[in-house]
Amino acid sequence: MASRRGLVAGRMALGLSLGLGLTQCDREPRPEPADATPIVDEAPAQAEMPPPTTLDRSALLGAVSRAGSAYAAGSTPESPDTLVGRTFAVRLPFGCGEPRPAPPIDAAPAREETDAGLPTVSWGTDKATLNLSLTPDDWAETALIVGSGASDRWEAVEGFWVPRPWLGNETCPQITRDPLVGVSGQPAAQTVGLASVHETNGSRLARRDGQAYRFTLRGEDGRPPVPSPMGYRVVLEGRFAAFPDGRAIRCRAASIDQRPICIAAVQLDRVAFEDGGSGAVLSEWRPG
């Protein structure tokens, strides 16, 4: 009898122990369901930055490349040209090597005619000065302008070439001549330009009529000026205009094996000379 009472008491103790254990387990935190999503403080999404409205040299050359490719492929874009009316600020590095020697007096007009549309830097007499110059070229009677049908619309077209269109940045190239190539070759023909157009019977304030933009650097204490080691830059700022077909850029080529010459119609608002290293403005011109 005693042994039976002991057995019952042992079973009751075991049951009580298991009940307490289950009660304690119920009090422990239950794991979250598998599909529960933890709340995480998220950083506010950054607004997508719109593309810059003013085109620099690299963006201009990209637009010219696309226009040249479309011309070579024989395709005619049908959508409106989004370049028309947009602003640009293009820098043209020049004077990247030793300045040119002072030209003889009797050779000066020929030199200017050859360099029309291109910026140059040359020594003055006895190296007392450095002369920066940019003479607009007269493109009004060129085949590219006449063929566009703009002759009656534009009274004057003053041209500026964009040298080294393979160079996207706005500084002088840093490569040197490769000795494996041999002697230095001739400069490549110009293929990219900006045509500053002037409406018939429009204001003449912005026209140069063949007059060069010039700036003279002088040394101190009677010493020759020191050329900038990074050369100089011409800054051309303005807005894209449109040819009679509504496009800002017009391209033409003499054959399928030649790179097209592409010209952008523009209206200039500012021309300036800058130091190529510091970016300091040396001189500037604004219409009016």
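Thr-129 of the predicted model contacts Ser-122, Trp-123, Gly-124, Thr-216, Leu-217, Arg-218 and Pro-225, with neighbours within four places in sequence left aside; contact means heavy atoms within 4.5 Å. The residue belongs to strand E3, which covers residues 129-134. Helices (H or I, at least four residues) and strands (E, at least two) are DSSP runs numbered from the N terminus. Thr-129 has a relative accessible area of 11% and is therefore buried. The classes are buried under 20% relative accessible area, exposed over 50%, and partly exposed in between, with a 1.4 Å probe and protein chains only. Ser-133 is also found in strand E3, and with a relative accessible area of 10% it is buried. Apart from residues up to four places away in sequence, Ser-133 touches Leu-118, Pro-119, Thr-120, Ala-212, Tyr-213, Arg-214 and Phe-273.

Residues are numbered from 1 along each chain as its sequence is written. In this predicted model, local features need pLDDT of at least 70 and side-chain atom pairs count only at pLDDT 80 or more, whereas totals for chains, interfaces and linings use all residues; side-chain values use heavy atoms, with hydrogens and water left out.

The secondary structure of the protein chain consists of four helices and 11 strands. Of its 288 residues, 35% count as buried. Among contacts in the protein chain with a separation of 6 or more, 75% are between residues 24 or more positions apart. The protein chain exposes about 18600 Å², of which carbon and sulfur atoms supply 54%. Accessible areas come from the Shrake-Rupley method with a 1.4 Å probe, and for residues only the protein chains shown count as cover.

Strand E8 (residues 232-240) is mostly covered, with seven of its nine residues buried. Strand E1 (residues 87-94) runs antiparallel to E8 and is joined to it by eight bridges; two strands pair if DSSP finds at least two bridges between them. Leu-92 stands opposite Val-234 in E8. E8 and E10 are likewise antiparallel, with nine bridges joining them, and Val-235 has Ala-272 in E10 as its bridge partner. In a regular strand the side chains alternate between the two faces of the sheet.

The largest nonpolar core contains 34 residues, and those with the most contacts inside it are Phe-88, Leu-194, Leu-236, Phe-240 and Ile-249. Strand E10 (residues 261-275) contributes the largest share of this core, six residues. A second, separate core has 15 residues, among them Leu-118, Ala-140, Ala-241 and Ile-263. A nonpolar core is a set of buried Ala, Val, Leu, Ile, Met, Phe, Trp, Tyr and Cys residues joined through side-chain atoms within 4.5 Å. With residues up to four places away in sequence not counted, Leu-194 touches Leu-60, Phe-88, Trp-139, Glu-158, Gly-159, Phe-160, Val-162, Leu-236, Ala-264 and Val-266.

The second largest pocket holds about 500 Å³ of space. It is lined by 18 residues, of which Ala-67, Ala-70, Pro-77, Arg-247 and Ile-249 are the closest to its centre. Helix H2 (57-73) and strand E9 (249-252) each supply at least two lining residues, and H2 gives the most, with five. On a 1 Å grid over the protein atoms alone, a pocket is an open set of points with protein on both sides within 12 Å along at least five of seven lines, and lining residues have an atom within 4 Å of a point. Grid points are joined across faces, edges and corners, and the volume is the space filled by probe spheres set on the points.

With a relative accessible area of 73%, Asn-201 is exposed.

Note on methods:
On a 1 Å grid over the protein atoms alone, a cavity is a set of points where a 1.4 Å probe fits but cannot get out, and a pocket is an open set with protein on both sides within 12 Å along at least five of seven lines; lining residues have an atom within 4 Å of a point.
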